[in-house]
Structures are given as structure tokens and as C-alpha cells.
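Subject: Structure handover

Dear colleague,

I am passing the structure below on to you, together with some notes on what was found in it. Please read the notes alongside the coordinates.

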Amino acid sequence: MSGAFGESVEQQAYLTRFLLEHTTVPLADRTFLRGVLPTRDAVRVVTGSADTWAEPAPVAYEFGLLGDDVEPVTAPLVLGWARTLAAGTPPASDESVMGMALVRVDTDAVEPAVPSLNDQALRVLRTLAQPYIETPPSPALCGFLFTGPDTMRLYLAAEEAAGLTAADVRLTGALTALLAALPSLLRETERRAADEADPHCSRTVDLTSW
């Protein structure tokens, strides 16, 4: 992956890796991370209930990938903004994406939450157990979205395909075998389809029955 798109993929993969723990560790009260949706110039952090579509309703908060100093935003900063927003009432929005309210965040108007002790502990453990790597693996996980009680959409970047591929998987299936076969499954063009309702990918692959 090279050029501007390659740099965007690397940043999306970095942000996704950093935020993963908050699918099980609340951002605030009963609000959890339910997805990280990648776009070329922004990341959309989806918050909501641990029960997927129960209350609180999911909201997609969009943050630019570059800060005011034109440097890439850091994952701890994105987490701080997301936590502040998750702890309050979502701002009104006339926009939506994939059935969720879409809030384009003016980060100058949002004070990022101070990292909790739990955040700091996770940062220590993550650094030791999952050291930072400049180049993500291929396919690179650039985002995800919980789509049902036992289904998830994975946003993946592979060297041989332009744009991102969204792979729909079932969490109750043969996951070990699926993950091992995933790189080859993504190359099978006959599995690919379009999803006009999802602006975060170039194509989809349905692996829920694999």
C-alpha cells in the first residue's frame, strides 16, 4: 500500500487496533464502541448499546484524520473525544449513514475526556502484548461494525484490491477456519457484490454461510 491511500489505510488500521477493547469496556455508563467505519479523510466511531441495536441507539461520530496542525490525529485523542460525546446527549443531526445518526464533530468544540486508569492499564498491556507496527498485516483491518446479535462486518484492505472490502461474518461459525481462509476468500471475485447503502467500502463479500 503506497501513496495517500496507503497512509490512510495505515492510520485506519492503527485507530481500529487501539479502540478494539472498548467493544467490551464501556466508553461511558452503558455506551460501548459498536464500530469503526473508515473513510478516506475521516474515521467514524459508532457508539451504542452492548446489545447492538438496543438503547442507547447507535450514533456515528465522524472525526477528521488530520488535526489542526495537519498531523494525523492520535488514537488516544479520538478515544477521548468519543468518550466525552458518549457521556452526553448526542448532538442533533439531520444526516444519517447505514440507518444511524451521523454527527460530524467539530473537535475544537469538544474537550477530550481525561484517560482513565483503565485506559492507562490497557495502554501498557497493549504496548507490551501488541507492539506498534508501522505496516499493518494484509489484509489490514481498517474498521468493523456489529450488524446483529451474532454478525459483524469487517472492513479490510488487501494489496491486490483497490479500495476496501467489507466482509460479513457470523460470530457463531467456524471462526478459526474462516480467519485462516480469509485472504484467499477475499480474492474470489465471484463472491463480490455491491452495497449501495454502505459508503465505507468498494465491495462486499458475504461469508455468513461459509
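Does T31 count as buried or exposed, and at what relative accessibility? T31 counts as buried at 11% relative accessibility, where buried means under 20% relative accessible area, exposed means over 50%, and partly exposed lies in between (1.4 Å probe, protein chains only). T31 lies in the loop between helix 1 (3–19) and strand 1 (32–38), and, with residues up to four places away in sequence not counted, T31 touches P26, T47, G48, P56 and A86, contact being heavy atoms within 4.5 Å.

Before going further, please note that this is a predicted model, in which local features need pLDDT of at least 70 and side-chain atom pairs count only at pLDDT 80 or more, while totals for chains, interfaces and linings use all residues. Residues are numbered from 1 along each chain as its sequence is written, and side-chain values use heavy atoms, with hydrogens and water left out.

As to the overall fold, the protein has 4 helices and 10 strands, taken as DSSP runs (helices H or I, at least four residues; strands E, at least two) numbered from the N terminus, and along the sequence they follow the pattern α-β-β-β-α-β-β-α-β-β-β-α-β-β. The radius of gyration is 17 Å, close to the 17 Å that the globule rule gives for 210 residues, so the protein is as compact as a globular protein of that length; the radius is taken over C-alpha atoms, and the rule is 2.2 Å times the number of residues to the power 0.38. Buried residues make up 46% of the 210 residues.

Returning to L207, its contacts, with neighbours within four places in sequence left aside, are A167, D168, V169, L178, L182, L185 and R191.

On the outside, L179, which lies in helix 4 (residues 175–186), is exposed, with a relative accessible area of 53%. In general, nonpolar side chains tend to be buried together in soluble globular proteins.
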